Amino acid sequence: YLLLVSVFNSLYSHAALNERQYSFLSLDINNGLSQNTVHAILQDRQGFMWFGTKDGLDRYDGISFQTFMKETGTLGNNFITALHEDNQGNIWIGTDVGLYVYSPQKEVIERFQKKSDNGTGIDHTILTLVGDKEGGIWTTVQGQGAFYYDTLSGQLTNYQLY
């Protein structure tokens, strides 16, 4: 009991000496988010926050949102499942019907349409999306297994799981 009181007093004294004010901002549909259900979050190298929602992709600059949606012609599907920034600063966007890539230089989103070594394209729900230290992109796709995209050679390899 005495040890517990001593630890509590020590923590309280430390907190009193280091009084810092923290503030939190809640982001939702009331201040610009396209949908309250968020499946993926990414902060890119420019400092933008990206939110992949059930109804669009939102880029937040700390003040306002820019929304990318199928209806505005900038995205092939609104259900975002995964996000990843590659070594060149491109944002890879996983959806429930495939993979898209946002180029900050061109400010355009394009569907990733490469075919793999066995002739398959990435056409189903993206489950995960990560990069490796060589700059390659790994993704797992529902019902299609894993894919590896070698950004240097432009080759897509499909590892089907049986």
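Predicted model: local features only at pLDDT ≥ 70, side-chain atom pairs only at ≥ 80, totals over all residues.
Residues are numbered from 1 along each chain as its sequence is written, and side-chain values use heavy atoms, with hydrogens and water left out. Local features need pLDDT of at least 70 and side-chain atom pairs pLDDT 80 or more, whereas totals for chains, interfaces and linings use all residues.

Asn158 lies in strand E12 (residues 155-159); strands are DSSP runs of at least two residues, numbered from the N terminus. The Asn158 side chain reaches the backbone oxygen of Ala146 at 3.1 Å. Residues touched by Asn158 include Ser116, Asp117, Thr120 and Gln144, not counting residues up to four places away in sequence; contact means heavy atoms within 4.5 Å.

Rings of Phe, Tyr and Trp (its six-membered ring) pair if their centres lie within 6.5 Å; planes under 30 degrees apart are stacked, over 60 edge-to-face and the rest tilted. Tyr60 and Phe65 form a tilted pair, at 4.6 Å centre to centre and 35 degrees between the planes. Tyr60 is buried at 10% relative accessible area, and Phe65 is buried at 16% relative accessibility. Trp138 and Tyr148 have ring centres 4.5 Å apart and planes at 45 degrees, so this pair is tilted too. Trp138 is in strand E10 (residues 137-141) and Tyr148 in strand E11 (residues 145-150). Trp138 is partly exposed at 34%, whereas Tyr148 is buried at 14%. Ring pairs also link Trp50, Phe68 and Tyr102 into a cluster.

Terms used: Helix = DSSP H or I, 4+ residues; strand = E, 2+ residues; numbered from the N terminus. Polar contact = N/O pair within 3.5 Å; in protein donor to acceptor, adjacent residues only side chain to side chain. Buried < 20%, exposed > 50% of the residue type's maximum accessible area, 1.4 Å probe, protein only.
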